[in-house]
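Please read the report below alongside the sequence and the model.

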Amino acid sequence: MAAHAEMQDDRHLHIEAGVWSLNGERYVRKSLVQDLKEMSEENLESSYSSIAVPLNNDGEYFLAHSAGIRMAQELSEDGGQAILQEAKKQVEEMRKSSPN
């Protein structure tokens with residue numbers, strides 16, 4: 001699993017992420033662009049328990065967080081969760097068969 005995020009300009013966050021099987025044959029990749037100046041009620045929903053946010057951020061932290069959560073959900077729904085479960089099972093089987 002990997003993710004990369006960068007600012008495209010002063011207002012657009014570009015996120016690329018993916019999940020790969022252990023052998024690399026199966027994968028799910030996604031990308032999205034979040035306008036950090038685009039506030040809506042949906043963007044304001046948050047699952048933070050606590051975070052120190054600078055006073056002059058204009059909601060950018062919440063929008064970036066929301067975009068990351070959305071990316072993770074899309075990856076999971078498009079097969080990423082199944083790939084990770086398969087990888088976990090393969091690792092467990094390798095550990096069982098490996099001499100200590």
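E16 counts as partly exposed because its relative accessibility is 34%, where buried means under 20% relative accessible area, exposed means over 50%, and partly exposed lies in between, computed with a 1.4 Å probe on protein chains only. This is a predicted model, in which local features need pLDDT of at least 70 and side-chain atom pairs count only at pLDDT 80 or more, whereas totals for chains, interfaces and linings use all residues. Residues are numbered from 1 along each chain as its sequence is written, and side-chain values use heavy atoms, with hydrogens and water left out.

The side chain of E16 meets that of R29 in a salt bridge, at 3.9 Å from N to O; the term stands for a side-chain nitrogen of Lys or Arg within 4 Å of a carboxyl oxygen of Asp or Glu. Because R29 lies in strand β3 and E16 in strand β2, the pair ties together parts that are 13 residues apart in sequence. R29, at 54% relative accessibility, counts as exposed. Helices (H or I, at least four residues) and strands (E, at least two) are DSSP runs, numbered from the N terminus.

The side chains of E86 and R26 form a salt bridge at 2.3 Å, N to O.

A salt bridge of 2.4 Å, N to O, joins the side chains of K30 and D78. K30 counts as partly exposed at 25% relative accessibility, and D78 counts as partly exposed at 43%. Helix α2 (residues 60–97) lies across β2 and β3 and runs at about 165 degrees to β3; axes are lines fitted to C-alpha atoms, for helices over the stretch in contact, and angles run from 0 to 180 degrees between N-to-C directions.

## The sheet

Three strands form an open sheet in the order β1-β2-β3, with antiparallel pairing. β1 and β3 stand at the edges, each with a single partner strand, so one side of each is left without a neighbour in the sheet. From one strand to the next, the twist averages 10 degrees. Two strands pair if DSSP finds at least two bridges between them.

Strand β1 (residues 2–7) is joined by six bridges to strand β2 (residues 12–20), and H4 has E16 in β2 as its bridge partner. A hairpin of four residues connects β1 to β2. Between β2 and strand β3 (residues 27–35) there are nine bridges, including those that pair A17 with K30 and V19 with V28. The hairpin of β2 and β3 has six residues between the strands, and G24 in that turn has a positive phi of about 80 degrees.

Leaving aside residues up to four places away in sequence, H14 touches H4, A5, E6, Q8, S31, L32 and V33, where contact means heavy atoms within 4.5 Å.
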